[in-house]
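Open the model in a viewer and keep the selection tool at hand. The stops below go from one selection to the next.

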Amino acid sequence: MVTMNWAYPKEGGISAWGPRTSTMNFCEIDYYMTSYIAEFINTISNLLYIYLAWYGMMHSAADDPVVMWSYGLLGVVGMGSFMFHASLKYSTQMVDELSMLYATATVVYALYDVDLRGRSLWLGGVLSSAMLTMTFAHHYRGESSLHRLCFGVMIVLVWYKCLSLMKRVTDVRVKGEMTTLWRVGAFFFFSGYMVWLVDMFRCEDLLRMRATMGMPAGFVLELHGWWHILTALGVYDYMVFVEYLRLALLDERSVRVRLVWKAKIVPHVAIDEVEGKGKGKGKEKECRWRES
């Protein structure tokens with residue numbers, strides 16, 4: 001009987017990209033599959049970001065460039081992280097970390113723009129200036145503490161505004177779908193954070209268990225790869241949530257919108273009916289978005 005089980009190498013292989021220059025190296029043996037990919041599972045797990053970005057853009061119900069930018073930058077995050085984990089170079093590490101800031105800044109803009117109504121140019125200017133400052137600071141400081149602080153602050157701003165704006169939605173069905181989406185996204189994100197912590201602080205234990213299990217079974221303990229998968233799903237859920245909110249609070253069409261789940265795990269917003277403004281002839285629509 002043939003079994004599919006290969007031993008992990010005792011040490012990493014040879015890099016096609018030259019010596020490592022990144023300030024971070026995660027709990028996966030380097031270059032054990034190919035000399036062109038430093039951390040194999042940590043690299044290929046980023047493909048989910050790219051797929052979800054494509055899926056979100058293809059299924060977006062909102063005729064909204066801000067929403068499309070958000071999905072597009074999710075794909076940039078995936079590509080940046082793919083390059084970083086494949087090469088372990090400081091230049092690609094910067095692409096990885098800064099793309100996270102840019103994508104999150106777009107979501108911050110999408111949420112806080114709701115209350116500005118035509119006065120959002122200054123918000124775009126402030127966020128652009130902040131991101132430009134962060135880019136130069138990250139480059140010249142050569143470490144990631146400022147990046148992590150900025151990213152954490154923006155995540156808090158996103159969650160606060162999501163909950164604040166959701167209170168304005170009066171339709172019970174829509175609010176229920178939004179609540180489910182918010183909770184599922186939070187579950188994925190925090191689950192990813194938990195496995196990230198285990199990967200950071202229990203690396204030696206994980207390496208021993210993987211060596212015992214061999215490949216491919218040991219792949220399930222490549223926890224930084226799970227961080228990518230879980231956070232990709234969580235961040236995507238919040239981007240769909242933001243799209244739903246902007247449809248609810250900004251779209252002036254008479255629409256009936258619902259949440260559709262692909263394979264019960266990947267959502268998108270679908271419009272069942274659209275009528276032009278003023279074509280309802282006074283008839284009240286089934287889905288009321290805003291408080292009067």
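What is the torsion about the S-S bond of Cys27 and Cys203, and which handedness does the disulfide have? The torsion is about 95 degrees, so the disulfide is right-handed. Cys27 sits in the segment before helix H1 (40-44) and Cys203 in helix H8 (residues 203-213), 176 residues apart, so select both ends to see the pair link distant parts of the chain. The structure holds one disulfide (a pair of cysteine sulfur atoms within 2.5 Å), and here the S to S distance is 2.1 Å. Both Cys27 and Cys203 are buried, where buried means under 20% relative accessible area, exposed over 50%, and partly exposed in between, with a 1.4 Å probe and protein chains only.

This is a predicted model, in which local features need pLDDT of at least 70, side-chain atom pairs count only at pLDDT 80 or more, and totals for chains, interfaces and linings use all residues. Residues are numbered from 1 along each chain as its sequence is written, and side-chain values use heavy atoms, with hydrogens and water left out.

Zoom out to the whole chain. The protein chain has nine helices and two strands, taken as DSSP runs (helices H or I, at least four residues; strands E, at least two) numbered from the N terminus. Of its 292 residues, 49% are buried.

Next, select Asp113 and Arg246. They form a salt bridge with the closest N and O atoms 3.0 Å apart; the term requires a side-chain nitrogen of Lys or Arg within 4 Å of a carboxyl oxygen of Asp or Glu. Asp113 lies in the loop between helix H4 (90-112) and H5, and Arg246 in helix H9 (residues 223-250), so the pair ties together parts that are 133 residues apart in sequence. Both Asp113 and Arg246 are buried.

Move to Asp115, which is partly exposed at 30% relative accessibility. Its side chain meets that of Lys161 in a salt bridge (2.7 Å, N to O). Lys161, in helix H6 (residues 145-166), is buried, with a relative accessible area of 9%. Asp115 also forms a salt bridge with Arg168, the closest N and O atoms being 2.7 Å apart. Arg168 belongs to the loop between H6 and helix H7 (172-201).

Finish at Thr135 in helix H5 (residues 121-141). A polar atom of the Thr135 side chain lies 2.8 Å from the backbone oxygen of Met131. Not counting residues up to four places away in sequence, Thr135 touches Met94, Leu98 and Tyr102, with contact meaning heavy atoms within 4.5 Å.

Technical notes. Polar contact = N/O pair within 3.5 Å; in protein donor to acceptor, adjacent residues only side chain to side chain.
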